[in-house]
Amino acid sequence: MGVGSCPRCGAEYERLAQHWAMSSRCSYPPIPGSVKQLLVGVLMGDGTIHSPSSTKNVRLEVTNINKTFLEWLDEKLSWLSNGVALKRTAMQIREENRKSNYDRFSSLNYEIRDQYVLTTARHPELNEFEEWYTNQQKRFPDKLRLSPRILKAWYVCDGNLIWGNKGHTRPQVWISVENESDRPGYVNSLFEPTPIDPKFNGGRLMLTSDETEWFFDYVGAPPSGFEYKFVTGSKEEYQSSKREFYTNSTTQTK
Ligand SMILES: [Zn+2]
């Protein structure tokens with residue numbers, strides 16, 4: 001949360017970023033490298049950048065049904081986060097879907113959960129993320145390369161563990177990359193620093209079962225709230241962990 005005492009002048013503020021924007025003595029502390037990597041990974045996934053023309057600096061927003069994960073992220077971002085809030089209730093989402101005739105959603109009632117949003121403070125260092133948007137579409141920058149922290153944050157947003165049917169007992173990591181489906185060579189180059197070289201097809205990265213093991217060695221322990229996406233022991237274990245996730249980390253306002 002962005003509430004607390006300023007490391008420069010020691011005074012208490014409700015919104016530190018506002019203090020740094022207004023003050024002539026104090027200014028924004030730099031964003032720590034580890035936090036920056038987390039933001040890059042999240043922006044590759046569910047994050048979006050907001051840059052109304054009336055303000056100087058941009059902010060990042062992350063929308064997700066996983067309240068536990070957003071609270072974990074809030075803690076990691078520390079003073080850079082303005083906190084987590086309810087964005088839309090499951091009931092509102094269902095109502096909006098009904099109005100826009102998304103019939104296909106009616107069969108997924110179980111998946112309709114309340115949506116939460118984490119908003120960061122506006123910070124000059126976040127302005128570089130504006131480059132990611134060309135013609136309203138999100139595009140990853142050419143210089144981007146993955147690290148364990150970036151890949152992990154991206155995976156929990158846009159990736160899934162896929163279990164085949166009978167006989168095939170080892171899971172595979174899939175990551176959706178629709179926004180870069182026309183640049184397969186580029187998507188593969190992102191993985192140069194990693195131990196894997198996944199197949200990219202139809203806007204989706206598909207890791208083999210072996211690569212999936214190397215992937216989890218590389219990225220390390222799961223962030224709070226997304227433990228189920230790291231359960232590789234058996235399909236049963238995975239499914240029970242996913243049920244726990246819906247119970248413990250999401251809410252559903254009827
Ligand atoms: Zn200050």
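Q: How many bridges join strand 10 to strand 12?
A: Two strands pair if DSSP finds at least two bridges between them. Here, in a predicted model, three bridges join strand 10 (residues 172-176) to strand 12 (residues 204-206), and the two run antiparallel. Within this pair, Trp174 stands opposite Met206 of strand 12. Because the model is predicted, local features need pLDDT of at least 70 and side-chain atom pairs count only at pLDDT 80 or more, whereas totals for chains, interfaces and linings use all residues. Residues are numbered from 1 along each chain as its sequence is written.

Q: In what order do the four strands form an open sheet?
A: Strands (E, at least two residues) and helices (H or I, at least four) are DSSP runs, numbered from the N terminus. The four strands form an open sheet in the order 9-10-12-11, with antiparallel pairing. Strand 9 (159-162) and strand 11 (199-201) stand at the edges with a single partner strand each, so one side of each has no neighbour in the sheet. From one strand to the next, the twist averages 25 degrees.

Q: Which strands does helix 5 lie across?
A: Axes are lines fitted to C-alpha atoms, for helices over the stretch in contact (C-beta atoms, placed from the backbone, within 7 Å). Angles run from 0 to 180 degrees between N-to-C directions. Helix 5 (residues 148-158) lies across strand 9 and strand 10, and runs at about 80 degrees to strand 10.

Q: Which residues have the most contacts inside the largest nonpolar core?
A: A nonpolar core is a set of buried Ala, Val, Leu, Ile, Met, Phe, Trp, Tyr and Cys residues joined through C-beta atoms within 7 Å. A residue is buried if 20 or more other C-beta atoms, placed from the backbone, lie within 10 Å of its own. The largest such core has 44 residues, and those with the most contacts inside it are Leu39, Val42, Leu43, Leu70, Ala153, Trp154 and Tyr155. Among the elements that give two or more residues to this core are helix 3 (67-77), strand 4 (59-64), helix 5 and strand 10. Leaving aside neighbours within four places in sequence, Leu70 is in contact with Val62, Asn64, Val84, Tyr116 and Leu118.

Q: How do strand 3 and strand 4 pair?
A: Strand 3 (residues 47-50) pairs with strand 4 in the antiparallel sense over four bridges. Val62 in strand 4 is the bridge partner of Gly47. Four bridges also join strand 4 to strand 6, again antiparallel, and Thr63 stands opposite Val117 in strand 6.

Methods: Two residues are in contact if their C-beta atoms, placed from the backbone, lie within 7 Å. A residue is buried if 20 or more other C-beta atoms lie within 10 Å of its own, exposed if 12 or fewer, and partly exposed in between; C-beta atoms are placed from the backbone.
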